[in-house]
Amino acid sequence: MIIVIDYDAGNTANVLRALKKIGVQAELSSDPTKILAADGLILPGVGAYPTAMAELTKRDLVPAIKEAVAKGIPLLGICLGMQVLTETGLEHQETQGLGFIPGVCREIKASKTLPVPHMGWNDLTVKQDSPLTDGLDGQSVYFVHSYFTDVPEEYIDVTADYGIEVPAMIHKENVYGAQFHPEKSGDLGLGILEKFIDICKANT
């Protein structure tokens with residue numbers, strides 16, 4: 001079973017719809033028992049880093065997510081869900097993240113030609129291969145975000161150009177992140193979700 005972690009994240013319905021479209025049985029849940037028994041976890045998210053971490057903490061989900069990852073259960077963070085994989089967020093206030101991937105979530109600086117939020121379709125550049133990156137180089141996906149994950153190069157699989165090299169996909173061991181929205185990125189995005197499901201199946 002794939003568990004989409006429920007913490008009032010905003011884009012859960014679209015993620016569940018996308019998973020259904022590719023024939024995947026998934027459940028929205030905030031039950032730590034189900035999280036720990038999952039074949040794979042998806043942490044979606046739309047909103048602010050401090051609010052997300054406060055809600056995860058309020059629902060006592062942080063220990064369960066950390067235990068699940070330590071057990072080797074694959075985790076995919078989407079948009080804000082990717083950002084909170086880092087150690088620290090600087091949105092509104094300094095906030096401790098889940099700490100799976102070293103780094104800090106920082107604000108994208110707006111310019112006259114590049115407004116913030118970074119919103120819309122943007123091309124991808126694959127920096128290093130991961131189980132999710134096959135066929136992504138030069139392809140376009142849908143972004144909506146105002147912050148980026150400033151993480152060491154070794155964890156950056158894919159970038160997008162928005163005045164800076166925006167990490168579009170990151171990963172460390174069984175933890176993966178997509179800054180863009182696979183569930184809003186057409187067949188290409190569905191393909192990324194299918195690859196993540198393949199990871200989960202291979203892990204069972």
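Guide: Two strands are said to pair if DSSP finds at least two bridges between them. The model shown above is a predicted one. With that term in hand, the sheet may be read.

Visitor: In what order do the strands of the open sheet lie, and which pairing does the sheet have?

Guide: In general, strands of a sheet pair through backbone hydrogen bonds, and they do this in a parallel or an antiparallel manner. Here an open sheet of 8 strands runs in the order E2-E1-E3-E4-E14-E13-E12-E9, with mixed pairing. Strand E2 (26-29) and strand E9 (125-126) are its edge strands, each of which pairs on one side only.

Visitor: Which residue in the turn between E12 and E13 has a positive phi?

Guide: That residue is Gly163, with a phi of about 80°, and the hairpin of E12 and E13 has 3 residues between the strands. Strand E12 (residues 156-161) pairs with strand E13 (residues 165-172) in the antiparallel sense, over 5 bridges. Within this pairing, Thr159 has Pro167 in E13 as its bridge partner.

Visitor: How many bridges join E13 to strand E14?

Guide: There are 4 bridges between E13 and strand E14 (residues 175-178), and the two run antiparallel.

Visitor: Which residues have the most contacts inside the largest nonpolar core?

Guide: As a rule, nonpolar side chains in soluble globular proteins tend to be buried together. The largest nonpolar core in this model has 34 residues, and those with the most contacts inside it are Ile5, Leu41, Leu56, Leu75, Leu98 and Phe100. At least two residues of this core come from each of E1, strand E3 (40-43), H3, H4, H5 and strand E7 (101-107). The most is given by H4, with 5 residues.

Visitor: How many salt bridges does the structure hold?

Guide: The structure holds 7 salt bridges. In one of them, the side chains of Arg59 and Asp8 meet at 3.0 Å, N to O. This pair links distant parts of the chain, 51 residues apart: Arg59 belongs to the loop between helix H3 (49-58) and helix H4 (62-70), and Asp8 to the loop between strand E1 (2-5) and helix H1 (12-21).

Visitor: Is Asp8 buried or exposed?

Guide: Asp8 counts as exposed because its relative accessibility is 61%, and exposed means over 50%. Arg59, at 24%, counts as partly exposed.

Visitor: With which residue does Arg59 form a salt bridge whose closest N and O atoms are 2.8 Å apart?

Guide: The partner in that salt bridge is Glu55. Glu55 has a relative accessibility of 18% and therefore counts as buried, since the limit for buried is under 20%. Through shared partners, salt bridges join Asp6, Asp8, Glu55 and Arg59 into one network. Another salt bridge joins the side chains of Lys34 and Glu27, at 2.5 Å from N to O. Lys34 is partly exposed, with a relative accessible area of 34%, and Glu27 is partly exposed at 26%.

Visitor: How much space lies in the largest pocket?

Guide: In general, a probe the size of a water molecule, rolled over the atoms, shows where empty space is left. The largest pocket here holds about 200 Å³ of space. Its lining has 14 residues, and Gly47, Cys79, Val144, His145 and Ser146 lie nearest its centre. Helix H5 (80-83) and strand E10 (140-145) are the elements that give two or more residues to this lining. By type, the lining residues of the largest pocket divide into 6 nonpolar, 6 polar and 2 charged.

Visitor: Which peptide bond is cis?

Guide: Most peptide bonds are trans, and most residues other than glycine have a negative phi. The peptide bond from Val116 to Pro117 is cis, with omega near 10°. Pro117 is in the loop between E7 and strand E8 (118-123).

Visitor: Where does Asp60 lie?

Guide: Asp60 lies in the loop between H3 and H4. Although not a glycine, Asp60 has a positive phi of about 60°. At 49% relative accessibility, Asp60 is partly exposed. His92 is not a glycine and has a positive phi of about 70°. The loop that holds His92 is between strand E5 (86-89) and strand E6 (95-96), and His92 counts as exposed at 66% relative accessibility.

Technical notes:
Residues numbered from 1 in each chain as written. Heavy atoms only, no water. 1 Å grid on protein atoms, 1.4 Å probe; cavity = no way out; pocket = protein on both sides within 12 Å on 5 of 7 lines; lining within 4 Å. Points joined across faces, edges and corners; volume = space filled by probe spheres on them. Nonpolar A, V, L, I, M, F, W, Y, C, P; charged D, E, K, R; others polar. Salt bridge = Lys/Arg side-chain N within 4 Å of Asp/Glu carboxyl O. Buried < 20%, exposed > 50% of the residue type's maximum accessible area, 1.4 Å probe, protein only. Core = buried A, V, L, I, M, F, W, Y, C linked by side-chain atoms within 4.5 Å.
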